[in-house]
Amino acid sequence: ALIQLAPLLFLGGLGSGGNLSSFLCGLRGGELSSLRWQQVELDNMRLFVRTASRLEEDDDGRTTIVIGPAKTEKAERYVALPPDIVAELRAWRIRSPYSSDDDFVCPKPNGKIQYSTQNWNKYVLTPACKAAGVERITWHYTRHVFASVMLDTFGDDWGKIADRMGHESVEFTRKTYGHWIEPEQQETKNEAEKIGSRFKFKLSA
């Protein structure tokens with residue numbers, strides 16, 4: 001049911017193209033908020049994840065947002081952009097008042113970096129969930145939706161899935177998502193054995 005949300009993330013509003021990119025490309029919140037236009041290669045249908053934002057407290061206890069390298073070495077990666085995303089991002093760059101290479105793809109209305117996913121949850125994801133008639137989810141669940149698409153595409157090729165998700169290790173990916181696919185595989189195996197036993201019975205009768 002969650003995949004119904006994808007078209008609804010074309011909702012109007014600042015950064016809608018980038019929001020949909022997170023949903024269909026598996027970007028973490030910090031990766032999306034720090035994404036600049038210079039990292040988006042529309043002609044090559046890909047973007048390059050090399051940074052991530054995070055919140056830190058200074059010596060006075062004030063919270064500030066810091067842009068640093070991607071979460072891990074494996075998190076630095078190229079992400080393929082489906083044709084619909086490319087078209088939406090092209091249109092968004094034309095509409096956006098912040099479209100230079102150094103500008104953020106999904107900024108706040110004043111052009112500054114989004115410091116959390118709360119605005120996306122409130123103004124984009126929650127209305128999309130309501131319109132789709134599904135239970136409200138948080139922004140991090142968009143990565144789980146992307147993971148489900150990767151599982152459907154690559155099956156149990158955990159190396160490819162880990163690369164697309166930007167996970168540090170294949171073991172982490174399998175530990176996190178393995179239960180989504182392995183019971184189904186076992187069920188199919190059991191079904192095949194059951195069918196095979198019935199054919200054997202009929203042939204020997």
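User: Hi! How many helices and strands are in the protein chain?
Analyst: Hello! In this predicted model, the protein chain has 8 helices and 5 strands.

User: And what pattern does the chain follow along the sequence?
Analyst: Read along the sequence, the pattern is α-α-α-β-β-β-β-β-α-α-α-α-α.

User: Thanks. What share of the residues count as buried?
Analyst: Of the 205 residues in the protein chain, 38% count as buried. The accessible surface comes to about 12,000 Å², and 53% of that surface belongs to carbon and sulfur atoms.

User: What about contacts between residues at least 6 apart in sequence, what percentage join residues at least 24 apart?
Analyst: That would be 56% of those contacts.

User: Let's move to the core. Which residues touch the most other members in the largest nonpolar core?
Analyst: That core has 25 residues, and the ones touching the most other members are Leu27, Val40, Leu47, Leu81, Leu89 and Val105. The elements giving two or more residues to this core are β2, α4 and α5 (118–132). Of these, α5 gives the most, with 5 residues.

User: Where does Val40 lie, and is it buried or exposed?
Analyst: Val40 lies in strand β1. With a relative accessible area of 10%, Val40 is buried, because the cut-off for buried is under 20%.

User: What does Val40 touch?
Analyst: Leaving out residues up to four places away in sequence, Val40 touches Leu35, Arg46, Leu47, Leu81, Leu89 and Val105. Val40 and Leu89 are 49 residues apart in sequence, and their C-alpha atoms are 9.1 Å apart in space.

User: And Leu47, which residues does it touch?
Analyst: With residues up to four places away in sequence again not counted, Leu47 touches Leu27, Leu35, Gln39, Val40, Glu41, Arg77, Tyr78, Val79 and Leu81.

User: What other core lies apart from the largest one?
Analyst: There is another core of 8 residues, and Met150, Leu151, Trp158 and Tyr177 are among them.

User: What happens just after α6?
Analyst: Gly155 takes a positive phi of about 60° there.

User: Back to α4, then. How far does it reach from its first C-alpha to its last?
Analyst: Helix α4 (residues 83–95) reaches 19 Å with its 13 residues, close to the 18 Å expected at 1.5 Å a residue.

User: Which of its residues are buried?
Analyst: The buried residues in α4 are Ile85, Val86, Glu88, Leu89 and Trp92. They cover an arc of only 165° around the axis, so they sit on the same side of α4.

User: Why would residues three or four places apart point the same way in a helix?
Analyst: An α-helix has 3.6 residues a turn, so residues with that spacing point the same way.

User: And which exposed residues does the face turned away from the buried side of α4 carry?
Analyst: That face carries Pro83, Asp84 and Ile94.

User: New topic, salt bridges. How many are there?
Analyst: The count comes to 9 salt bridges.

User: Which residue does Arg90 pair with?
Analyst: The side chains of Arg90 and Asp43 meet in a salt bridge, at 2.9 Å from N to O. This pair links distant parts of the chain, 47 residues apart. Arg90 is in helix α4, while Asp43 is in the loop between β1 (40–41) and β2 (46–49).

User: How exposed are those two, as relative accessible area?
Analyst: Arg90 is partly exposed at 37%, and Asp43 counts as exposed at 69%.

User: What about Arg46, what does it form a salt bridge with?
Analyst: Arg46 pairs with Glu41, and the closest N and O atoms are 2.7 Å apart. Arg46 is partly exposed, with a relative accessible area of 28%. Glu41 counts as partly exposed too, at 23%.

User: Last one: how far apart are Arg54 and Glu56, N to O?
Analyst: They meet in a salt bridge at 2.8 Å. Arg54 is partly exposed at 39% relative accessible area, and Glu56 is partly exposed at 33%. Elsewhere, salt bridges that share partners join Arg28, Glu31 and Arg77 into one network.

Terms used. Residues are numbered from 1 along each chain as its sequence is written. This is a predicted model: local features need pLDDT of at least 70, side-chain atom pairs count only at pLDDT 80 or more; totals for chains, interfaces and linings use all residues. Side-chain values use heavy atoms; hydrogens and water are left out. Helices (H or I, at least four residues) and strands (E, at least two) are DSSP runs, numbered from the N terminus. The expected span of a helix is 1.5 Å times one less than its number of residues. Buried means under 20% relative accessible area, exposed over 50%, partly exposed in between (1.4 Å probe, protein chains only). The arc is that of the directions from the helix axis to the C-beta atoms. Contact means heavy atoms within 4.5 Å. Accessible areas come from the Shrake-Rupley method with a 1.4 Å probe; for residues, only the protein chains shown count as cover. A salt bridge is a side-chain nitrogen of Lys or Arg within 4 Å of a carboxyl oxygen of Asp or Glu. A nonpolar core is a set of buried Ala, Val, Leu, Ile, Met, Phe, Trp, Tyr and Cys residues joined through side-chain atoms within 4.5 Å.
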